[in-house]
Amino acid sequence: MENRGVPPGPYRATKLWNEVTTSFRVGMPLRKHRQHFKKYGSCFTAVEAVDWLYDLLRNNSNFGPEVTRQQTIQLLRKFLKNHVIEDIKGRWGSENLDDNNQLFRFPATSPLKTLPRRHPELRNVNLENFSKDKDVFKLRNLTRRTPKNHGLHSSKENTEEIKYEIMDDAEENSFDNKEIRQEDVEEVWRYIILVYLQTILGVSSIEEVINPRQVIPQYIMYNMTNTSKHGVVVLQDKSDDLPHWVLSAMKCLANWPRNNDMNNPTYIGFERDVFRTIADYFLELPEPLLTFEYYELFVNILGLLQPHLERVAIDALQLCCLLLPPANRRKLQLLMRMISRMSQNVDMPKLHDAMGTRSLMIHTFSRCVLCCAEEVDLDELLAARLVSFLMDHHQEILQVPTYLQTAVEKHLNYLRKGHIKIPGDGLIAPLPTYSYCEQISAEEFDEQKISTSQAAIAELLENIIKNKSLPLKEKRKKLKQFQKEYPLIYQQRFPTTESEAALFGDKPTIKQPMLILRKPKFRNLRY
């Protein structure tokens, strides 16, 4: 399968489904099989399909090496349910597929899903219209969502509205500072975080990945300011916090065995029961920690999860996790800290008979972190990919970005002084810049591969030549060997015998013939 990434945009999960199913239909080998004394052409066994698809998913940057064979079987069952494949008798619609020699084939119908059309109202949202008016700075009052009470208690200064008047140019210059309302401060937070997110993801419009109306500034402000010394969100309303018994259980496993309360029973299998208790709590939450609303946003970021775009993914996830309700962000922080420590703890007892600790953590909690409100066929694979990345980078992703606070304060300062803030005028703190790889053709790749290899070999030759610690005899021996293995590169370096002799500081010798034949002198016979 060509390892190409689906670019950020709406309905990315559906686009990924279409890419995987198309690659499977095109690349899956078909051959003749015999079953029950009959021959069937152009088909494959379930085992062959699992082997091929498992290798495809693990080598695809959208899913990665964390994909398990069981997840591959689950995806093939969804293929059968959605008529991507059918059994040899044309039956489909169920998930009756196991890792065995049952025969399947491709139907004549197309497995591609159609992309739904977005509401026309959502296509008109643009940051340029979102941020400024024609004459004076005026934040656009978008339709607001009323945030749920997730432990947000603002101080009196934050809730008190201050009188704010829009002045013309003459009045603007007569005052050093303007007074701004709390709602305008919130709009600045919304605008700044969306500007940074659009820049980091490199999209032409932020609406490609998120509707700005979904962003609740109060959540961002709370997540930025109400944290412990370790950066974990502190909830003022404890009713939204994790129950005490869950926190105790998570602390027990995160610090196993040194923080295990010896007053608790430590029977055989005790740690498995504690883990099951934690898992049951998170599995019974009414929605995933990243919320149903932000499913498309995080699925879009999953397409940046490639080695050369790792920094981009970390920065984008750092901003997106600030959008979460504070209670969800706190649960996510504590969960990631626990499963990361458990995965790295060599003293942690085996929690599953067939799976390692890391695989078990990903398999158990992936759908607690990310899933769609409606059933999506690639949910499990996408969620597993994201949880794996969060485990490895949770300290960076879930910390508070100080540059965001600086940018907002600078923006508000210019607003108070009457300056008009527009994107790109240099008033915001410098945005991070990223370089992206440009796709090339297969021919160009082969040419670059050859030229790069030859350059490395030529460099090796230079190292042999310039190595002063190498004895002269050994150097001659290595050069002779190099000349035998790479004659063309050697000839380019030493085009003549004289250039080769100059390396050793001696002159080329002309070998005398081994047998010298003297010409006989013929004498005149006459005396």
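Contact is taken here to mean heavy atoms within 4.5 Å. With this meaning in place, the predicted model can be described from its overall make-up to its individual residues. The secondary structure of the protein comes to 20 helices and four strands, and buried residues make up 44% of its 527 residues. Among the contacts between residues at least 6 apart in sequence, 68% join residues that are at least 24 apart.

Helix H10 itself, made of residues 270-283, packs with helix H14, made of residues 357-369, at an angle of about 25°, and the axes of the two helices are 8 Å apart. Because angles under 35 degrees count as roughly parallel, this places H10 roughly parallel to H14. The crossing of H10 and H14 is left-handed. On the side of H10 the contact is made by Phe-275, Ile-278, Ala-279, Phe-282 and Leu-283, while H14 contributes Leu-360, Met-361, Thr-364, Phe-365 and Cys-368. Sorted by class, the contact of H10 with H14 has nine nonpolar residues, one polar residue and no charged residues.

Another helix pair is formed by helix H7, residues 182-201, and helix H8, residues 217-225, whose axes come within 9 Å and cross at roughly 80°. Since angles of 65 to 115 degrees count as roughly perpendicular, H7 and H8 are therefore roughly perpendicular to each other. The residues of H7 that make the contact are Gln-182, Val-185, Glu-186, Trp-189, Arg-190 and Ile-193, and those of H8 are Pro-217, Gln-218, Ile-220, Met-221 and Met-224. By class, the contact of H7 with H8 has seven nonpolar, two polar and two charged residues.

Aromatic side chains were examined next. A pair of aromatic rings is described by the distance of the centres and the angle of the planes. With ring centres required to lie within 6.5 Å, the count comes to 14 aromatic pairs. In one of these, Trp-17 and Phe-79 are arranged edge-to-face, at 5.4 Å centre to centre and with 80° between the planes. Trp-17 lies in helix H1, residues 12-27, and Phe-79 in helix H3, residues 69-81, so the pair ties together parts that are 62 residues apart in sequence. Trp-17 counts as buried at 2% relative accessibility, and Phe-79 likewise counts as buried, at 0%. The rings of Phe-24 and Phe-79 also form a pair, which is tilted because the ring centres are 5.4 Å apart and the planes stand at 40°. As Phe-24 lies in H1 and Phe-79 in H3, this pair ties together parts that are 55 residues apart in sequence. Phe-24 is buried, with a relative accessible area of 0%. Trp-17, Phe-24 and Phe-79 belong to one aromatic cluster, which is formed together with Phe-44, Trp-52 and Phe-106.

Backbone angles draw attention to two histidines. His-36, found in the loop between strand S1 (31-35) and strand S2 (38-45), has a phi near 55°, a positive value in a residue other than glycine. His-83, placed in the loop between H3 and strand S3 (86-87), has a positive phi of about 65° although it is not a glycine. As for accessibility, His-36 is exposed, with a relative accessible area of 67%, whereas His-83 counts as buried at 14% relative accessibility.

Towards the end of the chain, Leu-460 is found in helix H17, which runs over residues 442-466. With a relative accessible area of 43%, Leu-460 is partly exposed. Leu-460 and Phe-482 are 22 residues apart in sequence, and their C-alpha atoms are 9.6 Å apart in space.

Key
Residues numbered from 1 in each chain as written. Predicted model: local features only at pLDDT ≥ 70, side-chain atom pairs only at ≥ 80, totals over all residues. Heavy atoms only, no water. Axes fitted to C-alpha atoms, helices over the stretch in contact; angles between N-to-C directions. Parallel < 35°, antiparallel > 145°, perpendicular 65-115°, else oblique. Left-handed = near helix turned anticlockwise from the far one by under 90°. Nonpolar A, V, L, I, M, F, W, Y, C, P; charged D, E, K, R; others polar. Phe/Tyr/Trp six-rings, centres within 6.5 Å; stacked < 30°, edge-to-face > 60°. Buried < 20%, exposed > 50% of the residue type's maximum accessible area, 1.4 Å probe, protein only.
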